[in-house]
Amino acid sequence: MALRLIRTVYGSPMPGYRELFDASIDDPEPFWGDAATAVTWTKPPQRVLDDSNPPFYRWFPDAELNTCANALDRHVDSGRGDQPALIYDSAVTDTKRTYTYRELLEHTARFAGALRGLGVGRGDRVVIYMPMIPEAVIAMLACARLGAVHSVVFGGFAPHELAVRIDDVRPTVVVSASCGIEPGRVLEYKPMLDAAIGMVDHPPRHCVVVQRDRQRCELIEGRDWDWADVMAAATPADPVPVAATDPLYVLYTSGTTGKPKGIVRDNGGHAVALLWSMRHIYDVAPGEVFWAASDVGWVVGHSYIVYAPLLLGATTVLYEGKPVGTPDPGAFWRVVAEHGVKVLFTAPTAIRAIRKEDHEAEHVGRYDLSCLKYLFLAGERLDPDTYHWASAKLGIPVIDHWWQTETGWAVAANPVGVQRFPIKPGSPTVPMPGYDVHVLHDDGYGCDAGQEGAICIRLPLPPGTLPTLWNADARYEASYLSEHPGFYLTGDGGHFDEDGYLFVMGRIDDVINVAGHRLSTGAIEEVLATHPSVAECAVIGVPDDIKGQVPRGLVVVKAGADTDGLADELVALVRSEIGAVASLRIVDVVPALPKTRSGKILRKTMRALAAGRDEPVPSTIEDPSVLDTLQTILRG
Ligand code: COA
Ligand code: AMP
């Protein structure tokens, strides 16, 4: 029997949360049916949940809507046309621009018309490979307007990673930009796009490229189009109603192998869940300013830079810059003060980077931050030190919340819009309505309070979460649903405490979180293994003061291989194949890797060694002396 701590442990005085949570689990259909009234449907749902084909569940199976119309048109229609929808603040180009809802709608409808002119229709895919510029948001919304499916690829990925995604999702059009701007250097996107297209089996018919002033690029005649030209020639497009269950986007994320998983998000459940989250979790109302300091290439960017604030009629901030160095560790506080941000959402890494450069928070004192009511953090574990620093220096609630690309919105949080729980540093607080969270032993039994296990969620998952993987139902079942039948396996380990607070301690698979970016150690290993001198290799995540974790490579070389300069070559190889975002800096040549007698590499044991944790050495180890050598290297 799996334990349902939350419902047995919580009593009054927390009726708000408890009532909502119980209602969502005991009777999900009225709960989400009620939440769905916040959406404008072209065909309102008569049914809430289709559970006829477990383990595949669909929300609002007979409804129709257009997500873009919900994010833009309806706010213009209801009188918000002149309210800021999007504030673009670029610290790297020193540019600021505000788009009202009316302006954002005009740009979006026009770009949707441009895409339609290039052959994009309902169900077609569009890959978006762009830096943090307004055109990225406009392109996403324009796809939604046409009922097309966008797939945004983070700009820090190298051509090969982009190519893998293009071949899987097979876009009609790729939207990109001439360059991205990182502190101190201009990154040319177009050569990377061209290289990626050169590698694929399914090239797009067209590319649309935003020519940025800092560095323009060459366009290939007949294939590539300048954003400005297609916009000038386009006729604005109206929103196309789609089924609630139609895909809105595919976002690739790292799994345990080198092949990324295409997380599918539908239209209807997504709109319902995000709207619910804005009010109940983030305590934001229409007209207020919400800033997710992330990137549109990650799920946080999809949900909380683009869709949720706009669906609500709030104002969103699109920040092109870093927490430090653009130009100083006060950058975030400047943006908050200048744009009247009520809620800031970022990754703990950003706060650690700021704290490192401004430990006394002198920059906090330079700005009037009275508008800022909450700091929400997610993307990686919020270590208690970072929590204490931020809450002391900012003097506002600092809210840890836990979720994943797959879920699209928070699984566990402190739902300050409903009721504020006392904070326990290290815990993202309690499961959100719709998420029936259980901590399970390997044998499927529920763990008691305090016992570590696999964090799982009983099916069905709530609206807004992944219905499946892109063109890969079997992989969806194998990756998430087969380990504990009836449950979704999150891949994270942790426990509930006696009060029903959830503690998420880290991944129990080969996924690592580097600066809030999710990476697969398997993917990095696949690249290392292609080097002619490498006989075998392992990549593990090791603790890092700023980035939380960074990958570290361990390679065994082939007999007679030259190891001079090999580590540098391997670092460069990973950078060119996966991208700078992989942040691989250290590769050690080792005599052997620890393995079981059946040849399985003992990664968990190596991770423990690197983290300085004592972990029992498996009795199946082939040669325990290998660990002594590794210990010297890893802890050296
Ligand atoms: N396009 C191209 N390259 C990018 C990029 C992008 N959008 N984003 C990052 N990179 C590059 C960086 O320039 C860096 O390259 P380098 O190795 O040549 O210096 C590399 O990828 C690693 O980037 P990052 O991990 O971001 O490290 P950093 O040292 O540049 O910055 C922080 C450190 C802490 C400032 C940065 O990681 C940060 O802002 N983190 C916040 C995390 C975040 O927003 N996560 C999203 C989930 S909420
Ligand atoms: P991503 O899919 O990139 O959002 O990464 C999701 C993973 O990040 C989760 O499975 C966790 O391992 C980790 N993560 C995200 N938020 C938190 C958090 N608040 N606490 C602990 N881990 C987190």
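Which polar backbone atom lies 3.4 Å from a nitrogen atom of ligand 1? The atom belongs to Gly156, and the pair is a polar contact, that is, a pair of N or O atoms within 3.5 Å (within protein, one must be able to donate a hydrogen and the other to accept it, and residues adjacent in sequence count only if both atoms are side-chain atoms). The model is predicted, with local features needing pLDDT of at least 70 and side-chain atom pairs counting only at pLDDT 80 or more, while totals for chains, interfaces and linings use all residues. Residues are numbered from 1 along each chain as its sequence is written, chains are lettered from A and ligands numbered from 1 in the order in which they are written, and side-chain values use heavy atoms, leaving out hydrogens and water.

Ligand 1 has 26 residues around it, each with a heavy atom within 4 Å of the ligand. Glu182, Arg185, Ala515, Lys547 and Arg575 come nearest. Oxygen atoms of ligand 1 also take part in polar contacts: a polar side-chain atom of Lys547 lies 3.0 Å from one, and a polar side-chain atom of Arg585 lies 3.3 Å from an oxygen atom.

Ligand 2 is surrounded by 15 residues, the closest being His401, Thr405, Asp492, Arg507 and Arg518. A nitrogen atom of ligand 2 is 2.7 Å from a polar backbone atom of His401, and a nitrogen atom is 2.8 Å from an N or O atom in the side chain of Asp400. For Arg507, a polar side-chain atom lies 2.8 Å from an oxygen atom of the ligand.

Turning to the backbone, most residues other than glycine have a negative phi, and most peptide bonds are trans. The peptide bond from Pro54 to Pro55, however, is cis, with omega near 5°. Pro55 sits in the loop between strand 1 (49-53) and strand 2 (56-59); strands (E, at least two residues) and helices (H or I, at least four) are DSSP runs numbered from the N terminus. Leu459 and Pro460 are also joined by a cis peptide bond, with omega about 0°, and Pro460 is in the loop between strand 24 (453-458) and helix 16 (473-481). Ala361 is not a glycine, yet has a positive phi of about 60°; its place is the loop between helix 13 (348-357) and helix 14 (362-365).
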